[in-house]
Amino acid sequence: MKIYLNGKLVPESAAKVSVFDHGLLYGDGVFEGIRSYSGRVFMLKEHVDRLYRSAKAIALDIPMTKQAMATAVIKTCKTNNTTDGYIRLVVTRGVGTLGLNPFNCKTPQIIIIAGNIQLYPEKLYKNGLSIITVGTVRNHPEAVNPSIKSLNYLNNILAKIEAINGNVEEAIMLNHNGYVSEATGDNIFLVQGGALVTPPVYAGILEGITRDVVMQLASDAGYEVRETMMNRYDLYNADEVFLTGTAAELIPVVDIDKRAIGNGKPGKVTKDLAARFKKFVNTVGEPIG
Ligand code: PMP
């Protein structure tokens, strides 16, 4: 595998960053996870735009244009023949001193890995996930805003540890006011009386690109789509629940905190939207060439 590192495609063994990189020392940096389907990079512009918004929020100047970044992603996919894969785009603060000051770091490191991912076992896409809500509260928006896709994922990792300790694959975090935010790497949707309902961005979530796509596909298909605050009572009493994310795609949830969702099986709206999503991802995107 060839890795893109600061403008060059280098062998995996040569793709190294310094131990003084603040990405490593402090989780100081931003990233994106992107998919390619059938030889095209899915929602590339949206991912690049979000990367630059995350960077802006942490006062990190990415030393290349968005266009050049998009081209670098395509080139990395082409070199590795990543026609159906998962791409990790990382920008670290770069090499600095042992102190916190990010402005001592002169050169951000730009890394693109074109590989693969399988987030959940295949059978769970058919049978649905059992999940739990956890005690780890999602980051307060005025601490580390969940809209920033930063290299510091400890909030999410702490929630994931609780899920694993509870023998389930995934955790739902509540925000500092007790409202539902999101899963550790996915957004959450409820089906309530035929309408699709999801927490708004101000609930303290990452504005997922898959979330946006699913909301658009649902709306085009005639479903009512609403963004509303929700609590655990609303989760337990939903007709259907599913999660969305670049890596997860669209996965049904059938059990939350040992309350069966609906009849405890993936619901028909979830299945319909999963089918629409599957179809859509193969029809759009930037050609890898
Ligand atoms: N929430 C979090 C915390 C995430 O890390 C992700 C991405 N893995 C998502 C939601 C889903 O976002 P997207 O659909 O853009 O991948």
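Which side chain has an N or O atom 2.6 Å from a nitrogen atom of the ligand? I started my notebook with that one, and the residue turned out to be E182. I then looked up how much of the ligand the protein covers: taken alone the ligand exposes 390 Å², and 94% of that is buried by the protein. A reminder to myself that this is a predicted model.

Next entry: the oxygen side of things. I found an oxygen atom of the ligand 2.4 Å from an N or O atom in the side chain of Y153. R50 also turned up, with a polar side-chain atom 2.8 Å from an oxygen atom of the ligand.

Then I went through the surroundings. I listed 16 residues around the ligand, of which Y153, E182, I209, T210 and T246 come nearest. Sorted by class, that shell holds eight polar, five charged and three nonpolar residues.

Last entry: aromatic rings. My search of the whole structure gave five aromatic pairs. One of them joins F31 and Y153 edge-to-face, with 5.3 Å centre to centre and 65 degrees between the planes. I placed F31 in strand β3 (residues 29–37) and Y153 in the loop between β7 (129–133) and α5 (154–165), so this pair ties together parts 122 residues apart in sequence.

Technical notes:
Residues numbered from 1 in each chain as written. Predicted model: local features only at pLDDT ≥ 70, side-chain atom pairs only at ≥ 80, totals over all residues. Heavy atoms only, no water. Near = heavy atom within 4 Å. Polar contact = N/O pair within 3.5 Å; in protein donor to acceptor, adjacent residues only side chain to side chain. Areas by Shrake-Rupley, 256 points an atom, 1.4 Å probe, with all protein chains shown as cover. Nonpolar A, V, L, I, M, F, W, Y, C, P; charged D, E, K, R; others polar. Phe/Tyr/Trp six-rings, centres within 6.5 Å; stacked < 30°, edge-to-face > 60°. Helix = DSSP H or I, 4+ residues; strand = E, 2+ residues; numbered from the N terminus.
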